[in-house]
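Thanks for coming, everyone. Please bring the model up on your screens, and we'll walk through it together.

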Amino acid sequence: MQLTSSLPEPEPTPTTRKRGGRPSAEHAGEVDRRILDAATTLFLRAGFDATSCDQVVAMAGAGKATLYARYANKDALFSAVVHRALEGAAPAAPDLPAAMPVRERLRAVGLHLLQHALTEESVALLRVCLTTAQRLPALSRLVDQSGRDSGVASIVAALAGPAQDQIAAATAIAQRFIDLVIVPQQMRALVGDDREHLDAAAPRRVDEAIDLLARAGLLDAFED
């Protein structure tokens with residue numbers, strides 16, 4: 001699947017070192033970063049099938065031998081890109097006042113999670129992983145589960161806080177909330193809905209989900 005993206009294109013930054021001997025750890029780390037930056041840009045912009053290792057090394061300003069010394073093949077390179085993206089992907093939970101009513105807490109964290117889930121980078125990563133689901137099923141499951149787990153953790157923290165006896169109930173609410181709010185909006189983004197339209201619809205979708213949960217009595221235990 002061909003993707004378009006405004007993701008910045010990393011500039012090759014050639015470095016010089018004395019011939020012979022092992023490269024310094026600093027130099028090796030810089031080469032790693034350039035390769036992964038280039039691979040990330042190309043995979044998210046063009047998709048897995050349309051990206052080649054030749055393109056990656058050309059953009060990174062590295063040699064093919066350098067790439068293959070680190071990654072056995074394109075699958076391994078793509079896996080490294082995904083794992084690096086996930087390491088920095090989880091949005092920090094918003095700092096919410098303890099006295100804030102439960103509906104307002106849930107609304108704030110829901111809008112926060114949606115803002116992250118609908119970024120160009122998040123949607124592009126999910127899209128390219130979906131196109132490789134048959135080839136790399138474990139990696140696709142990892143991306144899906146990682147996003148869900150971080151969302152659940154943020155909602156549980158907003159609802160239960162340090163109250164250990166409320167974690168199970170808060171987790172059940174978080175799972176439903178994600179299915180009602182985050183998944184549908186992200187699916188709309190995946191099929192090409194305009195980001196402005198999705199952002200405009202976000203408050204209504206969050207409020208409707210909160211109303212459903214409240215009418216089902218699921219928020220009662222968290223009401224003051």
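The buried residues of helix H9 pack against helix H5 (102-117) and helix H8 (167-190). Contact here means heavy atoms within 4.5 Å. Buried means under 20% relative accessible area, exposed is over 50%, and partly exposed lies in between, with a 1.4 Å probe and protein chains only. Helices are DSSP runs of H or I, at least four residues, numbered from the N terminus.

A word on the source. This is a predicted model, where local features need pLDDT of at least 70, side-chain atom pairs count only at pLDDT 80 or more, and totals for chains, interfaces and linings use all residues. Residues are numbered from 1 along each chain as its sequence is written, and side-chain values use heavy atoms, with hydrogens and water left out.

Back to H9. Which of its residues are buried? They are Leu 198, Ala 201, Ala 202, Val 206, Ala 209, Ile 210, Leu 213 and Ala 214. Keep the helix rule in mind: an α-helix has 3.6 residues a turn, so residues three or four places apart point the same way.

Where does H9 kink? At Ala 202, by about 40 degrees, shortly before the proline Pro 203. The bend is the angle between axes fitted to the seven residues ending there and the seven starting there.

Now the two ends. At the start of H9, a side-chain oxygen of Asp 194 comes to within 3.0 Å of the backbone nitrogen of Glu 196. Just after H9, Gly 217 has a positive phi of about 80 degrees.

Next, the core. A nonpolar core is a set of buried Ala, Val, Leu, Ile, Met, Phe, Trp, Tyr and Cys residues joined through side-chain atoms within 4.5 Å. The largest one has 62 residues, and those with the most contacts inside it are Ile 35, Leu 77, Phe 78, Ile 155 and Phe 177. Among the elements giving two or more residues to this core are H5, H8 and H9. H8 gives the most, with nine residues.

Take Ile 155. Leaving out residues up to four places away in sequence, Ile 155 touches Leu 106, Val 109, Leu 113, Ala 174, Phe 177 and Ile 178.

Methods: A polar contact is a pair of N or O atoms within 3.5 Å; within protein, one must be able to donate a hydrogen and the other to accept it, and residues adjacent in sequence count only if both atoms are side-chain atoms.
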